Amino acid sequence: MEAEKHHRQNGVIGVFFKAKGFVKNFKQCHDLVSKIQDAKDSLCELKDRCQRYGLRPLEQGESSTSANVKAPEPQLSSLFVEKDELVGIEKESEEIIRKLVEGSPTRSVISFVGEGGIGKTTLAKKLYDDEVVKGHFDSHAWITVSWSYNLKELLMNMKKQICKSEHGVEEMDNEAEQIQDMRGILEEKRYMVVFDDVWQQDFWGAIQFALPNNNKGSRIVITTRNAEVANYCKETPCDIFYKLKPWSPTSAWELFCKKAFQYDFQGQCPDNLKHLSFEIVSKCQGLPLIIATIASLLSKKEKVEWEWKKVLNDLNSHIKNISKILALSYYDLPPPLKSCFLYFGIFPEDYSISDERLYRLWIAEGFVKARGDMTLEEVAEEYLNELIQRNLVTFELVIGEGKSCGVHDLMRDVILSRADEVFFCQTWDGNKSSFSGEGRRLIISGSIGNVLKNVDDSTIRVVVDLERVPLNFLPKEIGNLFQLKYLSLRNSNVKILPKSIRNLHKLQSLDIRGTSIQELPVEINELRNLRHLLAYTYCYRTPFDYIDGVRMHQGFGNLEDLQTLTLFEANPGGVGLVKELDKLRKLRWFGIYKVTGESWRGLCTSIRNMDQLQRLFIYANDENQVLDLQYISSPPSPPCFLRELVLAGRLQNLPDMITMLQNLRGLCLSFSLLIDEPCKCLKGLPNLEKC
């Protein structure tokens, strides 16, 4: 029961394999023949489904959209429109900004209410990111609530944002202590907190006590589809209720042209398409996300009448259901991107997943196809960027994590309906008495043991993701999963990796972040196909000593395909272990900690030779250890492709190397003790977004 409670709080656990247990024996050849025949039967059935639902065979191309697509009607969810798609609401924004910064000193609540896709979250985000608003308030926090929320986790998230702590915050035993602690933190601050996607009145009944009315002009913004929730939050005349309405025809047209003709015609609709375009916009009912989605779809098509008429005909058939309109963009995706997009359905609602994790999973699943001289990770990055450009995926840049990606709630409804049709995955919720065996992926929420008792097939899967599963040890039988390409034990309770891991010769990704594993077995060095090794844990012993990595044995230089190695312990071991790095020339993400003066010069030489490096994390052995980056910036050159740099340790001055990193997007300098303000030097970095 405790495990099931843990899963409900932390989201669905992805365990992407079909197995009764860890496989101990191979199946006989006749079983394989039987499975091949089953696969043929499934393909025939899939072909029949495709014909029934109007889907085209691959050889017929990928650009046209079927006019006969049928879709179920899942419950509509809140939507999000990207910031750059906001047009025509400047007047409303200016009015609300004025009330945020010039209104009554009494703490007030501003509620945005409206149907899914109306732009509630977008408007709130525009206000939240406004420079005038940011400058007016001492502290800010953005909290996504959703239907299923955990109050303790929300309070912890709020505290992290308010305190702006780089090293985490202390957890407390109960909600009452957290609320009291939060009140104390906010008591002397003018604060602004946004609670996005609120569904239940009970949420405000609890969270309001953490938000003191200190007469400093603090503001709370709430977005909800439920007017009763907004009314429940309205306690004083200072509280404001905004009912968002569909966009006017003028604003809708402006948004449509901006997206549909973003690549040509200078953002203007050509005369031959105006009539069809007006019809399409009028049928989008003034909902900005639908307008942006359909316009983005049209931006990829030829600017000819017959292509646009097909889209218009589909709109005529399916305009009554938003998810059916959004599904048009799914059907327009190339086949590899369809699978990548459906993969977001494996994760819980409002779940954010790092881009790097997506790449590793997509590659392990075989979705990513080789392209020229590009690495599979580079191709996967292009896939993700295309999904973002098509307005199907949203992202936010997070220092230390890269892009944090997700999909809108309504997009997720589309994904789930499509995934069910093609048996992409099935979900075990702890109540089902059997598993049909038709899905290629099984998502477990609840006890793993109960599932395995009902899974008769022992087919080996290539992905095992046990993130946040309260697993205390990893059985040695894991070594029998010879086809395994992806293994994640992140945030589990595992302390030791079994020596049998040496048998996983196809393993590409190993994620042991947040575990108690302190040392990797020497057998790891035999996994020549390993591309990604992620191993660090936040420990918070002191403000400086807050992160642990892993110790590795000599010989890890044999892992020449490694692209990710973080965090690796430089001490003990000194120069001997650092020299192994000279063999790892493909690293794109490298993190090392406990760096000492003894190992520093050799380490810098190795880093200079990592010409593919994009993310570099360096943590000194103690806060008095100087990180002299001149050894990295000396010839031949610093890592010119570096996008993200994290340094924890003393700096004598801001290294010239940093000003040479024209691709740098994120920079974090901790305990540097710099005397001169570095901002002047950093202004010349054209791509720097977070610092």
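Predicted model: local features only at pLDDT ≥ 70, side-chain atom pairs only at ≥ 80, totals over all residues.

Biologist: How many helices and strands does the protein have?

Modeller: There are 24 helices and 22 strands. Helices (H or I, at least four residues) and strands (E, at least two) are DSSP runs, numbered from the N terminus.

Biologist: And what share of the residues count as buried?

Modeller: 53% of the 691 residues. Buried means under 20% relative accessible area, exposed is over 50%, and partly exposed is in between, using a 1.4 Å probe and protein chains only.

Biologist: Which residues touch the most other members in the largest nonpolar core?

Modeller: That core has 75 residues, and the ones touching the most other members are Leu-510, Leu-565, Phe-590, Ile-618 and Leu-645. Elements giving two or more residues to this core include strand 18 (564-569), strand 19 (589-595), helix 21 (597-608) and strand 20 (615-620). By nonpolar core I mean a set of buried Ala, Val, Leu, Ile, Met, Phe, Trp, Tyr and Cys residues joined through side-chain atoms within 4.5 Å.

Biologist: What does Phe-590 touch?

Modeller: Leaving out residues up to four places away in sequence, its contacts include Leu-565, Phe-568, Leu-603, Ile-607 and Arg-615. Contact means heavy atoms within 4.5 Å. There's also a second, separate core of 42 residues, which includes Phe-112, Tyr-128, Phe-256 and Cys-269.

Biologist: OK, strands. Is strand 21 mostly covered or mostly open?

Modeller: Mostly covered: five of its five residues are buried. Glu-644, Val-646 and Ala-648 point one way, Leu-645 and Leu-647 the other way. In a regular strand the side chains alternate between the two faces of the sheet.

Biologist: Which strands does strand 21 pair with?

Modeller: Strand 20 pairs with strand 21 in the parallel sense over five bridges, and five bridges also join strand 21 to strand 22, again running parallel. Two strands pair if DSSP finds at least two bridges between them. Glu-644 in strand 21 is the bridge partner of Arg-615, and Leu-647 stands opposite Leu-669 in strand 22.

Biologist: What's the order in the open sheet of three strands?

Modeller: The order is 7-9-8, with antiparallel pairing. Strand 7 (353-354) and strand 8 (394-398) are the edge strands, each pairing on one side only. Strand 8 is joined to strand 9 (residues 402-406) by five bridges, and Val-398 has Gly-402 as its bridge partner in strand 9.

Biologist: Switching to rings: how many aromatic pairs does the structure hold?

Modeller: 23. Rings of Phe, Tyr and Trp (its six-membered ring) pair if their centres lie within 6.5 Å; planes under 30 degrees apart count as stacked, over 60 as edge-to-face and the rest as tilted. Phe-112 and Tyr-242 make a tilted pair, 5.8 Å centre to centre with 55° between the planes. Phe-112 is in strand 2 (residues 108-113) and Tyr-242 in strand 6 (residues 240-243), so this pair links distant parts of the chain, 130 residues apart. Both residues are buried.

Biologist: Which rings link into a cluster?

Modeller: Trp-253, Phe-256, Phe-261, Phe-265, Phe-278 and Trp-308.

Biologist: Where does the charged end of Lys-338 sit?

Modeller: Over the ring of Tyr-330, 5.8 Å from its centre. Arg-615 lies over the face of Trp-589, at 3.8 Å from the ring centre. The rule for a charge over a ring is NZ of Lys or CZ of Arg within 6 Å of the ring centre and within 35 degrees of the ring normal.

Biologist: One last thing: where does Cys-284 lie?

Modeller: In the loop between helix 11 (271-283) and helix 12 (288-299). Cys-284 counts as buried, with a relative accessible area of 2%. Cys-284 and Ala-252 are 32 residues apart in sequence and 8.8 Å apart in space, C-alpha to C-alpha.

Terms used. Residues numbered from 1 in each chain as written. Heavy atoms only, no water.
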